[in-house]
Amino acid sequence: FKDGAHILWRDLNLTGISRVTLRAGCFDSRGGTLELRQGSPSGPVLASVAVKPTGQAAFLELPATLEGPRGLTDVCVVARCPDKSTVLGLNWIEFQP
């Protein structure tokens, strides 16, 4: 993901979910942030995860607290990077009680 790139999951049931773990990494030396947002790339922030540089094809498991709505909602993951050349990698997301 480059800065502003996003992916959207529709109708996730967040009932009973309070934490999230992302397996993510950054392919260069700058790092960035992955934001989980409600409904769209500009929706309310549900969680924000700092992604540190890991090198190419390397990932870390990064936990965060999930804030906001419960029940069915669309969840959008948005990349925020300090420059347009930074690339963040997302391997998986796990939602937890």
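Here we take two residues and check their labels one by one.

Modeller: Quick background: this is a predicted model, where local features need pLDDT of at least 70, side-chain atom pairs count only at pLDDT 80 or more, and totals for chains, interfaces and linings use all residues. Residues are numbered from 1 along each chain as its sequence is written, and side-chain values use heavy atoms, leaving out hydrogens and water.

Biologist: Why is Asp74 called buried?

Modeller: Buried means under 20% relative accessible area, exposed over 50%, and partly exposed in between, with a 1.4 Å probe and protein chains only. Asp74 has 16%, so it counts as buried.

Biologist: And what makes Arg19 partly exposed?

Modeller: Its relative accessible area is 31%, so Arg19 lands in the in-between class.

Biologist: Which side chain makes a polar contact with the side chain of Asp74?

Modeller: That's Arg10, at 2.8 Å. A polar contact is a pair of N or O atoms within 3.5 Å; within protein, one must be able to donate a hydrogen and the other to accept it, and residues adjacent in sequence count only if both atoms are side-chain atoms. The Asp74 side chain also has a polar atom 2.8 Å from the backbone nitrogen of Asp11.

Biologist: What about the side chain of Arg19: which residue's side chain does a polar contact join it to?

Modeller: Thr65, at 3.2 Å.
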